[in-house]
Amino acid sequence: MNTAVADGLDKARQLVAGERPRDVEVAVLPPFTHLWPMHEVLRGSGIRLGAQDVFWEDAGAYTGEVSPPMLAGWCDDVLVGHSERRHLFGETDEEVHRKLVRALEHDLRVIVAVGETLDERELGATLEVVHRQLDAAFTGVDATAMGRCVVAYEPVWAIGTGRTATPQQAQEVCHAVRRRLATLFDDAVADAMRILYGGSVTAANAAELFAQPDIDGGLVGGVSLKIAEFLQVVAVASETAS
């Protein structure tokens, strides 16, 4: 929940004008208020546009919510299950699942966020929590739809805190995510899945994180408000991939 519309659009214009490698996919997920005008700013740039959340019904008496058909056709992506939605607003695993399913029905690509709290990590329950969230999110989802899904591992204790999971910690969980997807679906689905790491990603730590075999990119928060540094992260992603 950052930037007024004018400031957000200005940052988007800086991003479009900035030098960035074309072999890295970039998506911007601004507040709902920014989406329509930002669609015009990003048109033709190759940068994808997404929403930070979505509701699980197409229409009805749900004041304040935004439905998949309101986004479909001009948004590319939606994010569901972000830890702030889960922990600040009480979203359940079942609600995350319902959002994912309905968004897929409207041909949106869905970024599904999973991750543990500090207490859960200290109790040794990280993989139990992440497995539970994955199982709930993808229950009943057809394997053919998984090509329109992305998983983001975001340890709650590393979001906006300046603390980052070590590359080894992040890799361990992202590898576990991939293996869980192989169990839920098959190796082909798991191998093709893009798995992102989110949690205080910066230009300084991106190379070591992106070098891990099961980390395919980043879900970038605070640094995305600093366009010059965000572009550095994109450049690091390209260098790491090549």
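A residue counts as buried here when its relative accessible area is under 20%. The close-ups below all come from a predicted model.

View 1. Pro-31 sits in the loop between β1 (27-28) and α2. Who does Pro-31 touch, once neighbours within four places in sequence are set aside? That leaves contacts with Asn-2 and Gln-52. For a sense of scale, take Val-201, which lies 170 residues away from Pro-31 along the chain: the two C-alpha atoms are 20 Å apart.

**View 2. Helix α1 against helix α2.** Two packed helices are described by the angle between their axes and the distance between the axes. For α1 (residues 5-17) and α2 (residues 35-42), those values are about 20 degrees and 10 Å. Angles under 35 degrees count as roughly parallel, so that is the label this pair gets. The crossing of α1 past α2 is right-handed. On the α1 side, the contact is made by Val-5, Gly-8, Leu-9, Ala-12, Arg-13 and Val-16; on the α2 side, by Pro-37, Met-38, Val-41 and Leu-42. Sorted by class, that makes eight nonpolar residues, one polar and one charged.

**View 3. The strands paired with β4.** Which way does β3 run relative to β4, parallel or antiparallel? β3 (residues 77-80) runs parallel to β4, and four bridges join them. One of the residues to look for is Asp-77, whose bridge partner in β4 is Arg-109. β4 is also joined to β5 (residues 149-153), this time by five bridges, and this pair runs parallel too. At Val-114, the bridge partner in β5 is Tyr-153.

**View 4. Ser-83 in helix α4.** Ser-83 belongs to α4, which spans residues 83-88. Is Ser-83 buried or exposed? Its relative accessible area is 5%, so Ser-83 is buried. Not counting residues up to four places away in sequence, Ser-83 touches Leu-88, Glu-154, Val-156 and Ile-159.

Definitions and conventions: Residues numbered from 1 in each chain as written. Predicted model: local features only at pLDDT ≥ 70, side-chain atom pairs only at ≥ 80, totals over all residues. Heavy atoms only, no water. Pairing = 2+ DSSP bridges. Helix = DSSP H or I, 4+ residues; strand = E, 2+ residues; numbered from the N terminus. Buried < 20%, exposed > 50% of the residue type's maximum accessible area, 1.4 Å probe, protein only. Contact = heavy atoms within 4.5 Å. Axes fitted to C-alpha atoms, helices over the stretch in contact; angles between N-to-C directions. Parallel < 35°, antiparallel > 145°, perpendicular 65-115°, else oblique. Left-handed = near helix turned anticlockwise from the far one by under 90°. Nonpolar A, V, L, I, M, F, W, Y, C, P; charged D, E, K, R; others polar.
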